[in-house]
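Open the model in your viewer and get ready to select a few residues with me. We will take the stops one by one.

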2 protein chains.
Amino acid sequence: MTEIAEEQQIEKHRAALQEALESESPVQVTDLLEELNPAEIADLLEGLPQPQRVSVSDLIDPSVKGEVLLELGEEARDHLIADRSPEELAAAIESLEDVDDQADLLLSLPRAVMAQVLHILDLHKRERLEAVLSYPEDTAGGLMNTDQVTVRADVTLDVVLRYLRMRGELPEHTDQLFVVDRHERFLGGLPLSRVLTAEVDSRVGDLMNPEVQAIPADLPDREVARLFEDRDLISAPVVEDGMLIGRITIDDVVDVIREEAEHSVMSMAGLSEDEDIFAPVVPSARRRAIWLGVNLMTAFLASWSIGLFESTLDKIVALAVLMPIVASMGGIAGSQTLTLVIRGLALGQVGATNARWLASKELLVGLFNGVIWSFVVAIVAVLWFKDYEIGGVIAAALVINLFAASLAGVAIPLILRRIGIDPALAGTVILTTITDVVGFVAFLGLATLLLR
Amino acid sequence: MTEIAEEQQIEKHRAALQEALESESPVQVTDLLEELNPAEIADLLEGLPQPQRVSVSDLIDPSVKGEVLLELGEEARDHLIADRSPEELAAAIESLEDVDDQADLLLSLPRAVMAQVLHILDLHKRERLEAVLSYPEDTAGGLMNTDQVTVRADVTLDVVLRYLRMRGELPEHTDQLFVVDRHERFLGGLPLSRVLTAEVDSRVGDLMNPEVQAIPADLPDREVARLFEDRDLISAPVVEDGMLIGRITIDDVVDVIREEAEHSVMSMAGLSEDEDIFAPVVPSARRRAIWLGVNLMTAFLASWSIGLFESTLDKIVALAVLMPIVASMGGIAGSQTLTLVIRGLALGQVGATNARWLASKELLVGLFNGVIWSFVVAIVAVLWFKDYEIGGVIAAALVINLFAASLAGVAIPLILRRIGIDPALAGTVILTTITDVVGFVAFLGLATLLLR
């Protein structure tokens with residue numbers, strides 16, 4: 001039994017690794033790696049610059065190499081896989097216990113290499129793998145394992161107990177056996193705790209829980225995750241046309257939840273959740289350049305909207321000075337609404353029936369904040385530029401922009417979702433364009449109309 | 001056995017509920033609620049405006065009311081709890097199976113009500129609850145349950161099997177029994193699968209896994225979640241001074257992971273993860289106003305930095321028009337770096353040993369993108385305003401601002417973390433202030449120096 005305080009541990013491991021690398025002592029590195037579990041090794045690798053990663057990864061024990069590769073982010077993994085021989089990769093895949101993990105690793109290989117590796121694997125392994133490979137990676141079928149333990153409904157518990165003892169160790173995360181008929185049709189789940197506590201002469205059919213929900217093989221992984229969360233599941237049967245074809249376990253679902261969460265955070269900044277924090281400069285810059293390019297077009301749009309009022313601007317410097325305030329307040333207010341709605345969509349709280357109610361609430365919130373802050377801004381503007389008219393103009397522009405921002409914050413994610421675009425990815429950039437343009441046009445337009 | 005496509009289901013339930021509410025038929029509502037599990041009911045409630053929520057919640061079956069309350073976001077829960085009598089609340093708490101859930105619900109009550117409710121609960125329940133309540137909510141102790149099943153090391157499996165059968169049903173999510181000595185000192189875990197498959201005359205001490213890591217009661221819940229993820233755990237023992245005091249199960253850990261993820265997404269927009277999407281307008285607006293106020297101060301700072309160059313501005317309208325581009329590009333580039341570093345910190349990939357490497361990489365990425373985009377912007381500026389000098393000035397300002405943005409994106413989260421402030425919460429607003437000010441000063445400063 002050991003107690004741990006992981007946070008400090010990782011930094012300690014990293015410092016130890018750095019030292020071992022600097023003293024160029026492979027033995028020291030190997031010793032360090034042996035103390036760590038695959039997830040910890042993966043974290044260490046991702047915290048290293050890429051050239052060092054390759055030399056450290058050569059020193060990883062082959063029996064855990066597959067697991068380490070799986071724990072890495074996609075980009076870091078691709079880089080480590082690039083120079084390996086098909087034999088090495090096949091060994092890494094065979095070192096993995098679960099067939100869904102084997103499939104994940106195999107699918108991350110380039111297409112040509114994948115075929116070579118499949119060829120090297122022995123026939124039995126290949127057949128099991130191909131069962132999982134036939135489903136898209138992001139569905140229940142792609143998440144599942146084929147290691148389920150099945151029993152018949154008409155036998156007694158006694159028989160099950162003898163069968164299990166003969167069979168030996170159960171697959172990891174087995175909390176229930178699956179009851180099937182002779183055609184492999186799924187009938188229900190038999191929890192291990194019931195196997196251990198019920199009378200030995202009871203029939204499986206009477207003990208099993210027929211309410212256990214079977215997951216269709218084509219259910220998207222996001223919905224599988226929601227099911228596991230809502231029902232506190234450890235494992236669940238996967239069926240196709242009523243036939244039991246595999247099972248999904250909570251450890252794989254936790255990965256889906258984590259990935260989904262990272263996707264939201266990262267894509268709001270125009271990054272991919274697989275972005276490798278220690279990737280080299282050129283590919284990192286290239287990927288991020290696209291987002292900056294999109295932003296630039298929208299920024300020019302904003303500039304163009306300022307340009308419409310050149311003659312007004314020419315006259316009043318104060319306007320140019322105060323202009324960014326209107327845009328920036330709209331951007332913040334809009335992104336608050338946007339974030340809330342995106343989260344609501346992801347959690348299934350927002351739909352057609354309540355969208356209108358939500359929109360009117362958010363508009364009122366925007367109006368409310370617009371009025372409050374326009375007072376503050378107007379007072380500061382009047383004190384700063386000694387001009388009541390400018391105070392009035394900026395106050396009005398602020399109310400208009402916060403109102404528009406709320407409207408956009410609700411409408412953008414709903415519209416994007418309807419046309420099949422991920423709101424977390426595209427929402428922010430569209431929103432800030434709208435708040436910039438509305439902000440500038442409202443402010444400068446009012447100024448042109450009202451200031452002399 | 002039923003198959004499900006949850007996404008559409010929720011919207012269907014919501015439409016059915018709306019219809020039942022409009023026809024003012026409580027029976028119809030009750031029937032609908034009975035078909036749903038607590039998580040689904042909670043989702044439905046959160047998707048309703050608050051006045052309707054109260055009337056629907058009155059119709060929820062008392063046996064699941066506790067679970068529904070727990071599944072709600074904090075703000076929605078507080079609102080529903082507000083008007084309930086202590087007796088009703090005590091009944092809701094007693095309807096919960098796990099003591100950690102009971103503690104969570106109790107802790108969400110106002111202090112005075114909590115004491116009244118505790119008083120109503122019977123002595124035995126109160127004692128169990130108080131064991132959990134003595135630990136902070138966000139530690140292993142606050143997450144744990146006290147329903148672990150323990151066995152002694154010196155008995156045979158035979159005895160364990162008889163004990164279990166006598167005991168009846170095991171607590172939910174029991175994948176292992178815990179082995180303790182006579183002083184309740186934790187010795188190891190005995191997986192159920194081993195209980196089912198090993199020889200019945202083997203000794204528990206020989207079968208148990210002594211490698212099972214016990215979690216100290218004061219470990220923060222974030223680190224508990226990482227341990228479960230890294231080691232694919234279903235349950236883990238919680239110890240204090242080596243004594244077994246409870247166990248944590250994966251279902252509670254999944255909630256921690258989800259909350260942590262929501263916290264990042266929401267706090268980057270200055271919202272709390274407990275923000276209720278259907279809260280009434282006034283409290284919603286009040287809470288969000290604070291963030292807008294902070295942004296306003298920083299926006300004024302940005303305006304002030306523009307104001308420094310009033311005389312330059314007065315002369316060249318083009319500058320005012322192009323100005324937002326420099327700031328906005330810096331903001332986007334900086335927030336990409338910021339998001340990446342915040343995620344890296346959360347995953348433990350970034351620490352003292354590799355911060356410098358990371359900083360230099362990000363600076364190069366910033367420089368790289370700065371150079372690329374400055375060309376594009378310069379060309380557009382020259383074509384637009386027919387002025388080579390303005391093109392040169394905006395290009396230089398853009399390179400400077402993207403460089404500064406990268407530096408700030410790495411430095412801000414590291415510094416905030418060091419001084420104990422959550423980078424996800426405060427990072428964005430500090431970053432955009434820096435990119436606005438540096439952008440405006442670089443652009444207008446260069447223009448003042450170089451243009452004529």
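Start by selecting Arg84(A), which counts as buried because its relative accessibility is 16%, below the 20% cut-off for that class. Keep in mind as you look around that this is a predicted model.

Arg84(A) and Asp58(A) form a salt bridge, with 2.8 Å between the closest N and O atoms. This pair links distant parts of the chain, 26 residues apart: Asp58(A) sits in the loop between α4 (50–57) and α5 (62–71) of chain A, and Arg84(A) in the loop between α6 (74–81) and α7 (86–94) of chain A. Select Glu88(A) too, and you will have a network of salt bridges that links Asp58(A), Arg84(A) and Glu88(A).

**Next stop: Asp147(A)**

Select Asp147(A) together with Arg247(A). These two form a salt bridge whose closest N and O atoms are 3.0 Å apart. Are they buried or exposed? Both Asp147(A) and Arg247(A) are buried.

**Over to chain B**

Pick Asp58(B) and Arg84(B). Here, too, is a salt bridge, and the closest N and O atoms are 2.8 Å apart. Asp58(B) is found in the loop between α4 (50–57) and α5 (62–71) of chain B, and Arg84(B) in the loop between α6 (74–81) and α7 (86–94) of chain B; the pair links distant parts of the chain, 26 residues apart. Asp58(B) has 45% relative accessibility and so counts as partly exposed. Arg84(B) has a relative accessible area of 17%, so Arg84(B) is buried. Over all chains, a search of the whole structure finds 20 salt bridges.

**Last stop: where two helices meet**

Finally, show helix α16 (residues 250–267) of chain A and helix α19 (residues 317–346) of chain B. Their axes come within 9 Å and cross at roughly 150°. That crossing makes α16(A) roughly antiparallel to α19(B), because angles over 145 degrees fall in that class.

Which residues of α16(A) and α19(B) meet? From α16(A), select Glu262(A), Val265(A) and Met266(A); from α19(B), select Thr339(B), Leu340(B) and Arg343(B). By class, this contact has three nonpolar, one polar and two charged residues.

Conventions:
Residues numbered from 1 in each chain as written. Chains lettered and ligands numbered in written order. Predicted model: local features only at pLDDT ≥ 70, side-chain atom pairs only at ≥ 80, totals over all residues. Heavy atoms only, no water. Axes fitted to C-alpha atoms, helices over the stretch in contact; angles between N-to-C directions. Helix = DSSP H or I, 4+ residues; strand = E, 2+ residues; numbered from the N terminus. Parallel < 35°, antiparallel > 145°, perpendicular 65-115°, else oblique. Contact = heavy atoms within 4.5 Å. Nonpolar A, V, L, I, M, F, W, Y, C, P; charged D, E, K, R; others polar. Salt bridge = Lys/Arg side-chain N within 4 Å of Asp/Glu carboxyl O. Buried < 20%, exposed > 50% of the residue type's maximum accessible area, 1.4 Å probe, protein only.
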